[in-house]
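Subject: Structure handover

Dear colleague,

Please find the structure below.

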Amino acid sequence: MSENVEITWHDHHVSRTDREKLNGHGGGVLWFTGLSGSGKSTVANAVDGKLHQMGIHTFLLDGDNVRHGLNASSKILEESYSPEYAQRFGLGFGAQDRAENIRRIGAVADLFCQAGVLVLTAFVSPYQSDRDAVRRIVESSGSAGDFIEVFVDTPLAVCEQRDPKGLYKKARAGEIKGFTGIDDPYEAPAKPEVHLAGGDYTPDQLADQVIAHLREQGKLPQV
Ligand SMILES: Nc1ncnc2c1ncn2[C@@H]1O[C@H](COP(=O)(O)OS(=O)(=O)O)[C@@H](OP(=O)(O)O)[C@H]1O
Ligand SMILES: Nc1ncnc2c1ncn2[C@@H]1O[C@H](COP(=O)(O)OP(=O)(O)O)[C@@H](O)[C@H]1O
């Protein structure tokens with residue numbers, strides 16, 4: 001349904017710079033992408049913990065959790081809303097729904113950035129165009145370098161071996177259709193800021209690689 005809607009942007013009295021000064025560090029987005037089971041959530045949590053220890057204001061947006069609330073499936077929405085409402089607003093895993101999932105997360109991540117927070121996101125986000133769209137949003141409301149793409153590059157065979165939720169097994173058995181890496185595409189980042197060999201190091205070592213990048217880029221306060 002298209003409506004004639006007029007909306008106007010309002011600048012806030014307290015600017016992002018004011019908030020960053022108060023926090024003692026800049027905002028930004030650490031965007032983890034990779035196959036299911038690659039270690040996005042584990043490594044993002046480890047980085048989050050290390051940054052928190054350093055006194056950095058962070059927040060972690062995690063795929064499974066966000067798909068229970070902001071980006072709930074029609075099945076979850078049906079518990080509280082009409083079937084028509086759930087059908088219209090619920091998100092699944094088709095290419096369009098994944099794009100909308102990532103667009104909404106990108107918008108939320110951008111808001112955190114404007115609050116001067118270093119936000120970490122852990123979503124499969126299999127399409128380069130969807131990730132690039134978030135980069136554009138974040139960098140246009142802030143500056144170049146605010147969006148840091150972290151590719152958790154773990155071979156499919158390793159992810160499948162881990163299979164903590166048994167989803168690969170179901171996908172191989174044809175019980176789940178359109179599963180990333182099995183019968184749905186994963187477009188590896190062309191030029192990620194951080195490229196992690198997720199099958200070769202411990203989560204702690206991988207987290208340190210991310211922290212080292214932030215330090216190199218001057219994203220962390222001097223110690
Ligand atoms: N079809 C299909 N493809 C990929 N993943 C699937 C699918 N169905 C369910 N799951 C589970 O949902 C998690 C991925 O959700 P995301 O929101 O990160 O996906 S996406 O970015 O919109 O592609 C993913 O979680 P992670 O394992 O944490 O990545 C899976 O557990
Ligand atoms: N670097 C690693 N080495 C060994 N196991 C790992 C590593 N990273 C994650 N894991 C394990 O792999 C499984 C999937 O990790 P998870 O973070 O849930 O992946 P994702 O969020 O990408 O789906 C978990 O059981 C986790 O403990």
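**Helix packing**

Helix α2 (residues 40-53) and helix α10 (residues 203-216) have axes that come within 8 Å and cross at roughly 55 degrees. That angle makes α2 oblique to α10 (angles under 35 degrees count as roughly parallel, over 145 as roughly antiparallel, 65 to 115 as roughly perpendicular and the rest as oblique). The crossing is right-handed, meaning that the near helix is turned clockwise from the far one by less than a right angle. On the α2 side the contact (heavy atoms within 4.5 Å) is made by Thr42, Val43, Ala46, Val47, Lys50 and Leu51. On the α10 side it involves Pro203, Asp204, Leu206, Ala207, Asp208, Val210, Ile211 and Leu214. By class, the contact of α2 with α10 has 10 nonpolar, one polar and three charged residues.

This is a predicted model: local features need pLDDT of at least 70 and side-chain atom pairs pLDDT 80 or more, while totals for chains, interfaces and linings use all residues. Residues are numbered from 1 along each chain as its sequence is written, chains are lettered from A and ligands numbered from 1 in the order in which they are written, and side-chain values use heavy atoms, leaving out hydrogens and water.

The second pair is helix α6 (residues 95-114) and helix α7 (residues 128-141), which pack at about 20 degrees with their axes 9 Å apart. That makes α6 roughly parallel to α7. This crossing is right-handed. Arg98, Ala99, Ile102, Gly106, Asp110, Cys113 and Gln114 of α6 meet Asp130, Val134, Ile137, Val138 and Ser141 of α7. The residues of this contact divide into six nonpolar, three polar and three charged.

**Ligands**

Ligand 1 has 18 residues around it (a heavy atom within 4 Å), and Ser36, Arg67, Arg98, Asn101 and Ser125 come nearest. Among its polar contacts (N or O pairs within 3.5 Å), an oxygen atom of ligand 1 is 2.7 Å from a side-chain N or O atom of Arg67. A nitrogen atom of ligand 1 lies 2.8 Å from a polar backbone atom of Gly178, and a backbone N or O atom of Thr180 is 3.4 Å from a nitrogen atom of the ligand.

Ligand 2 is surrounded by 15 residues, the closest being Gly37, Lys40, Ser41, Thr42 and Tyr201. An oxygen atom of ligand 2 is 3.5 Å from a backbone N or O atom of Leu35. A nitrogen atom of ligand 2 lies 3.4 Å from a side-chain N or O atom of Arg162, and a nitrogen atom of ligand 2 is 3.4 Å from a polar backbone atom of Gly198.

Regards

Methods:
Axes are lines fitted to C-alpha atoms, for helices over the stretch in contact, and angles run from 0 to 180 degrees between N-to-C directions. Helices (H or I, at least four residues) and strands (E, at least two) are DSSP runs, numbered from the N terminus. Ala, Val, Leu, Ile, Met, Phe, Trp, Tyr, Cys and Pro count as nonpolar, Asp, Glu, Lys and Arg as charged, and the others, Gly among them, as polar. A polar contact is a pair of N or O atoms within 3.5 Å; within protein, one must be able to donate a hydrogen and the other to accept it, and residues adjacent in sequence count only if both atoms are side-chain atoms.
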